[in-house]
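Subject: Handover of a structure

Dear colleague,

Please find below the structure that I am handing over to you. I would ask you to keep it open while you read the notes that come after it.

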Amino acid sequence: MAAVDSFQLLYGEISRSCNPYIETLALVGALYVARKAVILLGDCCTLVRVHFLPRIIPSKKLTQRFGDWAVVYGAAEFVAKAYVEELARHGVSIIFVTQDLASVRETAATLSQSYRVETVVIPANFSADKAASNLINEAMRGKDIGFLVNCLESVTSSQSLIEMPEQSLLDFVNKNVAVATLMTRLVLPGMLERSRGAVVNISSGACSRPLPGRVTFTASTGYMDHFSRALHLEYSGKGIFVQSLTPFQIASTEQQPFSSTPASRGGWFVPKPEVYARHAVSTLGVSNRTTGYWPHTLQYGLMTRIPEWIWVLGSRVLIS
């Protein structure tokens, strides 16, 4: 009994001496939990503000907010086709700038017939001096250009940097970096004169984390994302809205990054192109950097919270 009493006495003495430390640790823990709760609440509010309120609360027509015409580069990509169709559904006429004439001409004819909008197709070879730039400037003359849409070329197979042919590498970087930058340089002056317009750069959620076997693709998505953010910082005060769209997997017959299975079935996290486009267009003027689709935003938030070393380790395990 004396031993028990002695232990209780000892425990009481130790508890009294540790009380200040315990209280301090409890306070630190409470502050940490409160901070995380505030961040989570802020993220939830942002999710609602960007992805839900614009679809509930009616706003001005896109043509009234930005302009009557859109210049589109990369419309051969299925995501860009769906995005352009959504713009046409809102009454926006389209100028297509492309090297894939067959596919884009068919898309242009379909939009003109379905939505009664004007369409212009410009065959562009940007390697031929300034011929393409002159054609684009001529097509834009006298038109209220309210939108520029640049879409990154997708990659459907894994290929390391050293396996990629030199000419294919140069063409890929030229199409997805140099030409997208040049297109912005061509369209932006007219928007600045009218003090309104929207530049939309569609890349991929691959910019959030590096992907094995897709070095050039992930690097290009990172460029487009940072290019958009820098443009928005520089021109948002002059009436120009610049948006970086970073979608994850979208349903198509082609294989997409972040997936090992075909996306033809579609689903909640893998929306059909028209569903994605409808959500993405609703975020115009609301968020300058977004996935465009709220389940993708949940994916993006999860991925960016995974420590880099865990992501790298997991990628290596999957490869092996």
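The notes below describe what was found in this structure.

This is a predicted model, in which local features need a pLDDT of at least 70 and side-chain atom pairs count only at pLDDT 80 or more, while totals for chains, interfaces and linings use all residues. Residues are numbered from 1 along each chain as its sequence is written, and side-chain values use heavy atoms, with hydrogens and water left out.

Confidence

The pLDDT is the predictor's confidence in each residue, from 0 to 100. The chain averages 86, and 89% of the residues score at least 70. Over residues 255-263, however, the pLDDT is below 50, and this stretch has 30 contacts in the model beyond near neighbours in sequence (a contact means heavy atoms within 4.5 Å). Where pLDDT is low, the predicted coordinates should not be read in detail.

The sheet

Helices (H or I, at least four residues) and strands (E, at least two) are DSSP runs, numbered from the N terminus. Two strands pair if DSSP finds at least two bridges between them. Seven strands form an open sheet in the order β3-β2-β1-β4-β5-β6-β7, with parallel pairing. β3 (119-123) and β7 (289-290) stand at the edges with a single partner strand each, so one side of each has no neighbour in the sheet. Strand β2 (residues 93-98) runs parallel to β3 and is joined to it by five bridges; T98 stands opposite P123 in β3.

Is strand β5 (residues 197-202) mostly covered or mostly open? It is mostly covered, since six of its six residues are buried (buried means under 20% relative accessible area, exposed over 50%, and partly exposed in between, with a 1.4 Å probe and protein chains only). G197, V199 and N201 point one way from β5, whereas A198, V200 and I202 point the other way. In a regular strand the side chains alternate between the two faces of the sheet.

β5 is joined by five bridges to the parallel strand β4 (residues 145-151), where F147 has A198 as its bridge partner. With strand β6 (residues 240-245), β5 pairs in the parallel sense over six bridges, and G197 stands opposite I240. From β5 the chain crosses through helix α8 (residues 215-235) to β6 in a right-handed β-α-β crossover; right-handed means that, with the strands pointing away from the viewer, the path from the first strand over the helix to the second runs clockwise.

Helix α4

Nine of the 12 residues of α4 are buried, among them F78, Y83 and E86. Just after α4, G91 takes a positive phi of about 90°.

Aromatic pairs

Rings of Phe, Tyr and Trp (its six-membered ring) pair if their centres lie within 6.5 Å; planes under 30 degrees apart count as stacked, over 60 as edge-to-face and the rest as tilted. The count comes to six aromatic pairs. One of them, F52 with W294, is tilted, at 5.4 Å centre to centre and 50° between the planes. F52 lies in the loop between α1 (2-51) and α2 (53-56) and W294 in helix α10 (residues 294-304), so this pair ties together parts that are 242 residues apart in sequence. W268 and W294 form an edge-to-face pair, at 5.1 Å and 75°. Ring pairs link F52, W268, F269 and W294 into a cluster.

Yours sincerely
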